[in-house]
Structures are given as C-alpha cells and as structure tokens.
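Reader: Could you take me through this model at the level of its side chains and chain contacts? I would like each answer to end on the name or value I ask for.

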2 protein chains.
Amino acid sequence: MEIAELGEFGLIHHLTDDIELQNAESVKGVGDDCAVLQYSVDERVLVTTDLLLEGVHFDLQYVPLHHLGYKAAMVNLSDIYAMNGRPRQLTVSIGLSKRFRVEDVEALYAGIKRACAEHGCDVVGGDTSASLTGLTISITCIGAARAGDVVTRDAAQVNDLLCVSGDLGAAYMGLQLLEREKVVYNQQVREALQRGEKPESLPPFQPDFSGREYLLQRQLTPQARRDIVEKLAEAGIHPTAMIDISDGLSSEVMHLCEQSHTGCRIYEDRIPLDYQTAAMAEELNMNVTTCALNGGEDYELLFTVPLTDHDRVSAIEDVHIIGHMTKAEQGKLLVCRDGAEMTLKAQGWKAT
Amino acid sequence: MEIAELGEFGLIHHLTDDIELQNAESVKGVGDDCAVLQYSVDERVLVTTDLLLEGVHFDLQYVPLHHLGYKAAMVNLSDIYAMNGRPRQLTVSIGLSKRFRVEDVEALYAGIKRACAEHGCDVVGGDTSASLTGLTISITCIGAARAGDVVTRDAAQVNDLLCVSGDLGAAYMGLQLLEREKVVYNQQVREALQRGEKPESLPPFQPDFSGREYLLQRQLTPQARRDIVEKLAEAGIHPTAMIDISDGLSSEVMHLCEQSHTGCRIYEDRIPLDYQTAAMAEELNMNVTTCALNGGEDYELLFTVPLTDHDRVSAIEDVHIIGHMTKAEQGKLLVCRDGAEMTLKAQGWKAT
C-alpha cells in the first residue's frame, strides 16, 4: 500500500493503534501534543536519544527493516541500562522517502515494538514525516532509576575492577561479513549486466553465512543487557561507573578514565572473544584484539566495581574482569599477551 | 573551521561546554549515556518530539541557521505549552552534511539555546552525526505540569467557548513572501548565467520585504505562547481542551472535535488576522480565511473553556473567542461572513 493512501495521520494511527501501554508511569501515549508520564520523587528520570541516518548508520541493501527497527530501539534501551536504569517509554520519529510503502514502515515499527515489548517499554509518541532523501530514524528513550542507584561515568575509583559483559568484536565482524557478501552480490549483478542479462535472471543470491550466524546476530539484533543490570542488583553490587559499548571498548574505557580522572590497565588476554569472531578475524587477516577494542556496536556493559566486590562479580555469569583502574598519571594501558604495554587510543592504540 | 578538525566528541564539547543548567530538575546534562532528571510525584512529565528535514520542513536558501535552530526549539516548546505545561529540558540530535562548517553548527545551536534561554529550558543531551544527505534536526522536549493541570485534546464539552491566541495565517504568508523572493533571485542568477556573467558579479540581492516584516518574523521566529498559558492560570481559567496550531486552525480544531466527540461552529469574522496578512493575501489573490484556516505554523494556542469563563477569558489580551463547541452530529462548521455554513476540512473546506 502507498503511504499517500493513508496520509500522515492515517499512517500514524495505523502504526500505533494496537499499542497498549504497559507501565503505570505511562499516563498517556500517542495522540496528543505530548505524552504524559508520571514518575515518583525518589526516582530519577533518564533520557537518551539517538539519530540513525541511512548510508551513515545503516545500509538497507543488507539490513532488513524489521531488524533495523529492533536495533534502533535496542541501542537506546542500552543507554538506559548503562545508567543502571530501566527503560519505560520511547518516542519514534521517522523520515520516510517516497520509495517506502506502508508495509516497509510496518516492518520497521514491528522491530521497534518487539524490542520494546522484550524490555517492558512503551512507545508513547513520535513524529512521522516525508523525507526527500534517505530513511531517518530518531528515537528517544526515557527510563527510571531510584535516586541512589544511578550509575554515571565519572565515579570510577583507583583500584576498582574493570568489568565487561558478553564478548566483544563480533558485531564488527558481522558488519565485515555483510559488506563482503554485498560486494560479491554487486559483482554478480555487474557481470550479468555486462553479459547483457537482466539481474532478475540470476539465480537467487545465496550469501555464505554458514558458521557465522552469531556474528550476523550480533550486528543485526544486538541485545541490551538488562540481565546484567539485574544480576548486579541481585548480587548487591553497585558499579562505581558504567557505560555501554557503542564505539568500541577502547573509546568507552577512555570516557570512563577521563570523566573519573583515572587511568586503567586492560589485559589483552582477558578481553572476551567468541570463537566465530576470532575465526573471522583470522580469515580476514585482521587482528582480533583491534576488532574487540575498536569495532564497536557490541552494546555490552563496561563497568567498574570496588575490589571488595571481586568474588561477587566473578560469580556472575557472562561478566569478565578485564583489568582495573589506576591513577590518571599511570596512563590508559593495554597489557599485551607478551607483557608489552600499549597506550589505548580512541581508535587503535600505539606502543608506549 | 572544518568539523573534521574537532571530530564528533570535540564538536559536541565545543557546542555544549558553555551550557549551565538552570532548572533544579536537571540533575545531569550532556556528557553521559543519559541525562538525569528529577520530577516530583505531583508533577506529570510531558514529552514531545519533532523531526525537521531539509527540503521538507525548511529551505536553507532563505532560512538562516540561527533562525532555524530557534524555530526548531520553539515548535517543541509550543507542544509543552499546549498541554498547559512548562518546558524544562530539551535534547538536540543533528545530522550534518559535509558542506557544514563548525560556524554553521554554532549558529544553529545558538538559535536553539536562545529559544531555550527565553523559556527557562535546559539543553541536556543529544546526538551529533554525519549525514550523507541534507541537514536533519530532531528535538525532544520534556516539560512538567501539576497532575491536575494537564490539558489534553479530548475533554472539550458541548457549548464550551473556542478560543485562539494571537492571529492566524501570517506565518504562511511569510513563507509565500520568502518563496516569491527566492524565485526572483534565482531568475536573476539564471539571466546572469545566460549573459555569460558570474552570479557573484550581480549587485547584492535586495529582497523586497518592506512593510511585511511581521510576516517574516512569524515564519522565521515563531513564539511559543507561554504568556497565554500564564495568563490563563492567573485568571483561574482551566481550559477543557487545548492544542497548538502547527498544521492550521482547520486541522487542529478537527483534532479537538474528533478526540472530544463534539462538533464546532467557528465564525469567519471572528478569526483574528493581522493587517499585513490580509494585505499580502490580497496582493497574491488568495483568500485570507483559507490562509488562516490551512496555512499552519502559527504556533498559537487553540483551546476551549466553559461558557461560565466567558467574561474572564474575554478580558485576556490577545485571546479571541472564535466560536463554540457543539454536539458531534451538528458537524464541524465555519459560519461565513454572509451567514452561509461550510463544513471544515483538514485542508480546505467545502459547502454543506
């Protein structure tokens, strides 16, 4: 169906009329000048926003719209967890170019709604507009944490343990894989055109993703780590500082150090890697530690805890102690497998 | 200065490091995964978001970036007032194409900050990204109203008076004026090129805006009507329903009627018009009532009050009673100067 058949108000209604608000804090959702929310005085309201632009943040040639919507919501949810909060509401603004049909927007929205449903978050508003250029998605997420529970980036202490959830570098490897298959496909299309054949006459393209499913899943459908935030709370651990990994471990740990006025030591052999990540890096002749440090889009949580929490944090499944915080003047260091020390850089690192 | 010289984090720091949070509710602003806010239990948190895309919502050929930023913030502030709330925080996401320089983004941000300063609103976060296409601006505004003070669109009652602030149609006339001067300028450039001259050799273009300053001001720097919301509160008037006029009086009054399950009668001769609006419509051979009904971008407040508030609402400067609400089955009507009744349409209206 063409979007013009529904019109702007019709489209919004079509996309949002099945939304049932789940949270008591969501007093009023889509349909007025503002959404109306209710928070208690002992809660802090957390707000985060992300802008995703076609060609910069995603490539529709290989990202299905349902996955794109899911990921767009997930990266915002992840920011709420990174403050030790719980997501409650989300607004969705989308700019749609003419080539989109109602079914496309439905798929995008279905992905957003699925991510929200998995995390108990209500879609409460947004804006839908025509776009003369590519697809634009702007999501704002609102969450809550009890006043004393908010964890910022600026309170890591010297000697705190530096911990990370999950494994790193897989989303970046997934991106490399998708890019590689795109090149193969585009080459087949070019060759067909040179032979005077229509691309439609080609046999269905079968991208070679076998044994690499985990990498694709990490790139296309990242998971915001509510489970880690919940396990930390259950274990009675209050991280001193926390951030989620969107730009890569190196960049994020530098934010923690700079805002907390500390240095750090990360041990290369402690950085958690999945087997598929290592195998793919090998295949592409890339250094897997570089991928883990700088790849980004992992949406894992990076946090610091007091040394006294060592045993409790070690007992949490899927949390890895990768180093510790030091005095600022000791620098931000990666201790390599051979014992050499490198200074971390936001992108890459150099020998000290 | 090129944006690449600063980098993403450098640019954000450059744009936001002079921000001082004004509201006690703004606990933490730019610089972490989320902004942290604090609201009291007797307050409702209001959230609104707007997406502005180059070529769809604005034309950089005649909109200065400072004005664009100002207006982008103002349209969000207006949504908060339309709920009878007060704006407190705002997030700014911008997608910048390569042709933008640091000075351009500064101008855009300066406009946003000026609007926020005028309305006591804190810039608490956002996102800055490269854009492969045009300029993208996504703003989310958060405000507050005491629980019993929130005014929605759905509680207008039969016989309520329908009121509007300010005057209507001027912003639309301002847009026509800017478009007309753009055509004149582009024509001069084309002719110069045809004569083999460089456009730079032309004398500075002097757009003819004399006597039309009000129309330009209404188009380029609309004012969110905090003053009206405050005067209503001072007068002890609690509107039964309210909306701001972004898409035009006709479209907005239809939202009030549909969500409140009422009809309405608007009297054409009561619709407030500025002299410049009427003169410009005459000059362009347009029906001024059509401009007021469908022009949009006035950002005036349209609201309903009980009949018993007639005298109090009449005493408020710059508020005009333009009609009243009726039973739904009586329709949504415009009573013309000659007494004829027309059915309102979201865009335009037709004879009954």
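Author: D32(A) forms a salt bridge with K28(A), the closest N and O atoms being 4.0 Å apart, where a salt bridge is a side-chain nitrogen of Lys or Arg within 4 Å of a carboxyl oxygen of Asp or Glu. This is a predicted model, in which local features need pLDDT of at least 70 and side-chain atom pairs count only at pLDDT 80 or more, while totals for chains, interfaces and linings use all residues. Residues are numbered from 1 along each chain as its sequence is written, chains are lettered from A and ligands numbered from 1 in the order in which they are written, and side-chain values use heavy atoms, with hydrogens and water left out.

Reader: Are D32(A) and K28(A) buried or exposed?

Author: The scale is relative accessible area, with buried meaning under 20%, exposed over 50% and partly exposed in between (1.4 Å probe, protein chains only). On that scale, D32(A) and K28(A) are both buried.

Reader: Which residues are linked with K28(A) and D32(A) in a network of salt bridges?

Author: The network of salt bridges holds residues of chain A and of chain B. Besides K28(A) and D32(A), its members are D33(A), R153(B) and D154(B).

Reader: How many salt bridges does the rule find across the interface of chain A and chain B?

Author: One salt bridge between the chains joins the side chains of D33(B) and R153(A), at 3.2 Å from N to O. Over all chains, the count comes to 53 salt bridges. Across the interface of chain A and chain B, the rule finds 6.

Reader: Which helices hold E283(A) and R180(A)?

Author: The side chains of E283(A) and R180(A) meet in a salt bridge of 2.7 Å, N to O. E283(A) counts as partly exposed at 42% relative accessibility, and R180(A) counts as partly exposed at 28%. The pair links distant parts of the chain, 103 residues apart, with E283(A) in helix α8 (residues 275-283) of chain A and R180(A) in helix α4 (residues 170-194) of chain A; helices here are DSSP runs (H or I, at least four residues), as are strands (E, at least two), numbered from the N terminus.

Reader: What area do chain A and chain B bury between them?

Author: The contact (heavy atoms within 4.5 Å) takes 58 residues from chain A and 58 residues from chain B. Because 100% of the interface residues of chain A are also interface residues in chain B, the copies meet through the same surface. Buried area is the accessible area (1.4 Å probe) that two parts lose on being put together, summed over both. With 57% of it on carbon and sulfur atoms, the area is about 4400 Å².

Reader: With which side chain does the side chain of S26(B) make a polar contact?

Author: S26(B) is found in strand β1 (residues 26-28) of chain B, and at 7% relative accessibility S26(B) counts as buried. A polar contact is a pair of N or O atoms within 3.5 Å; within protein, one must be able to donate a hydrogen and the other to accept it, and residues adjacent in sequence count only if both atoms are side-chain atoms. At 2.7 Å, the partner of S26(B) is D122(B).
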